[in-house]
Amino acid sequence: MSGTKKETGFTFTIDGVEITAYAGETIMEAADEAGVYIPRLCDHEGLRHQGSCRVCTVKAGGRSVAACTQPAAPGQAVENESPHLTKMRRDLVEMLFHEGNHLCPICEASGNCELQAMAYRLDMTETTRFPYLEPCRALDASHPDIALDTNRCISCGRCIRASEDVDGKGVFGYVGRGIHRRVAVNGENLADTDAQVTDHAISSEVCPVGCIIRKRVGFVTPIGEREFDKGLIGHEIEARRK
Amino acid sequence: MSEPRLIEISPVTRVEGHGKVTIHLDENNQVDEARLHIVEFRGFERFIRGRLMWEVPVIVQRLCGICPVSHHLAAAKAMDMIAGVDQLTPTAEKMRRLMHYGQVMQSHVLHFFHLAAPDLLFGFGAPAEKRNIFEVIKEKPELGKRAILMRKYGQEIIEATAGKKVHGTGAIPGGINRNLPVERRDHFLGSIDEMTEWAQDAVKLARDYTLEHEDLVAEFGSFPSNYMSLVRESDGALDLYHGTLRALSSTGEMLFDQVPYSRYHELIVEDVRSWSYMKFPFIGDIGPDDGWYRVGPLARMNTASFIDTPLADAALKELKAVTCGTPNNSTLANHWARMIEVLHCVEKMRELLHDPDLQGTDLIATGDRREEGIGVIEAPRGNLIHHYKVDEHDQVTYCNLIVSTTHNNEGMNRAVKDVAIKHLSGKEQITEGMLNHVEVAIRAYDPCLSCATHALGQMPLQVELFNAEGGLLDSRTQCV
């Protein structure tokens, strides 16, 4: 994330739209301010950028770069919503669905879930092409106020950064390598950690899916009043566009 | 004398779920054995274990796409008990009731007009291509239109109370997650008079059919049995959402009454048989031979002392008059009973829509947590029992479901045998029309075989004919 804005900015373009940026800003930060939405899953306001999900991939200077980590450059022509990039993003999101056990019809995050919302935004409506991996993952309900259903985890690492950088706890971390890499807790189970329901890492905005669950909330918010019932993911950013 | 035969009807059509019928004919073409087999298995009771308690009403409703509200509400009632809530707020209870009445209405309308009407209008032995809803619409366009619009009304009530027409999320442990906005209420009130009129006409249609075919109704799958349902605790009135358990014998003798449904397991024993995935429940004190019972619309008409809405109560009196107040044992009378319940639901919805509690904002009650919860409701097809245990981590450790079609298992098998004996015995040639008679008997119970086996899969029914040695002689598979 950028520091304080410099007095003089510069301009570059995203899909032909002129954007003003300031030194140190990433492409995504400048785009957000200008009301141009670049899809993302691992990036989250208030957390350091990670650039791991690659859903925010844009073309800049002929290269594919992560918009959340790539600094904006004067005069640069950035490609964001081309058919090629949209297809690539849809493929990435589709693979995330295939890697986990995402059962939207029975998930309490349905309607608030960024993965589901991203699938809608990217028009992931066709029959899936990849074989489901159907991993066998346990639900950790040991904590009195929090449950962890890693069947739904997309390894975005937002909880890890929130716990380390905001809560100063380090409740979550990655274990394993490659396709086996996954988010784990710093203890035997969640009850064995310092996690509290008031932690920023536990808040519903940080976990983009239904993995981190605040107990006994469930379906209290009715269908029709959930976050993405109001509009496509990114609609709030796009509303800033003048 | 001919060779013994085995007839197989596979799949049974115009029912929800997957089943087949086998009929054994001996060398004299007499029916030796006839059975309804449920050939699907789902395992909801097992895979719900480990899930979080507030997810349960949303997960288990996926048992069914026709009556998910019943499972949603029965599970929610069980979770109320676990959440320590014995009394919902008025808004929550009335919203749930409204949801349930919408559900019973749409399900009954679906069954009567879309699934059963082709048999009743065109005859049990009518050509197969004639026996479908499209032919009903073609020949009786006004009836077809009403069938669609009445179902739509019920579905929209569900959508307004649960968030979606199918598989909503309205009922949550301890209450409901929404109230009914005034504009939605007014929308429903706008056509409630029309719904009442159409429901009255539907009762008349079913009644007239029953009375005009008195001899057929009296002999077709008609046999004595016990009956069980919830009734209102205070006065024994019909209550589809809540009450205590009552059971009657075929002659009207009270077998038990005013029993809290949390004690269901003291009364009911579930038997298993090797040839079906569906269990065979019976009243434990009486035993499996005589303790089996029927549930559903006709059972409720038999057990209820009265109905607390005037039009439906008048219709009930007329139905009861046919058997002079004793239980009605005719399988086909289920259709008449079903339409009386549609009328009751419409009357109840009118009552509720005028109640300002539906716009209340006190939606959720709380209480002291329990480890076990039992929720029972009268689903469209009959009594529905959900029983769960939840550990200190909020995870389900035990689940037992007894659904309406399971309660009716023995009754449906008896109906199949009864009709097979009367309509197939002694016949050299077995036609498709004859076999449809067997399906008509099953259909009268509006079975949901998916619910009953808690099963995944397609939805057909099949009939098989075996010889005396058990060899398959003939089978028929039908698709809807």
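Start by selecting the buried residues of helix α6 of chain B: they pack against α3 (68-82), α4, α7 (182-189), α8 (192-212) and α13 (334-353) of chain B. A residue is buried here if 20 or more other C-beta atoms lie within 10 Å of its own, exposed if 12 or fewer, and partly exposed in between, with C-beta atoms placed from the backbone. Helices (H or I, at least four residues) and strands (E, at least two) are DSSP runs, numbered from the N terminus.

Before you go on, a word on what you're looking at. This is a predicted model, where local features need pLDDT of at least 70, side-chain atom pairs count only at pLDDT 80 or more, and totals for chains, interfaces and linings use all residues. Residues are numbered from 1 along each chain as its sequence is written, while chains are lettered from A and ligands numbered from 1 in the order in which they are written.

**Stay on α6 of chain B**

Color residues 141-162 of chain B to see helix α6. Its buried residues include B:R146, B:M150, B:Y153 and B:I157.

**Into the core**

Next, select B:I340 and B:V416, the residues with the most contacts inside the largest nonpolar core, a set of 195 residues. Such a core is made of buried Ala, Val, Leu, Ile, Met, Phe, Trp, Tyr and Cys residues joined through C-beta atoms within 7 Å. Helix α4 (residues 90-122) of chain B gives the most to this core, with 13 residues. Now zoom in on B:I340: beyond its neighbours within four places in sequence, its contacts (C-beta atoms, placed from the backbone, within 7 Å) include B:V203, B:M301 and B:L319.

Show the strands of chain B and find the open sheet of 4 strands, ordered β8-β7-β6-β11, with mixed pairing. Strands pair if DSSP finds at least two bridges between them. β8 (254-260) and β11 (293-294) stand at the edges, each with a single partner strand, so one side of each has no neighbour in the sheet. β7 (residues 244-248) runs antiparallel to β8, joined by 4 bridges; pick B:L245 and you'll find its bridge partner, B:V259.

**Two domains in chain B**

Color 5-40 + 406-478 as domain 1 and 56-359 as domain 2; these bounds come from an automatic or database domain assignment. Their C-alpha centres are 25 Å apart. Between them, 35 residues of domain 1 are in contact with 32 residues of domain 2. The domain 1 side divides into 12 nonpolar, 12 polar and 11 charged. Nonpolar covers Ala, Val, Leu, Ile, Met, Phe, Trp, Tyr, Cys and Pro, charged covers Asp, Glu, Lys and Arg, and the others, Gly among them, are polar.

**Over to chain A**

Where do the chains touch? Here 16 residues of chain A are in contact with 19 residues of chain B, and the chain A side has 9 nonpolar, 4 polar and 3 charged.

Last stop: A:C56, in the loop between α1 (27-34) and β3 (57-60) of chain A. Is A:C56 buried or exposed? A:C56 is buried, because 26 other C-beta atoms lie within 10 Å. Select A:I38 too: its C-alpha atom is 5.9 Å from that of A:C56, though the two are 18 residues apart along the chain.

Terms used:
Contact = placed C-beta atoms within 7 Å. Expected span 1.5 Å × (residues − 1).
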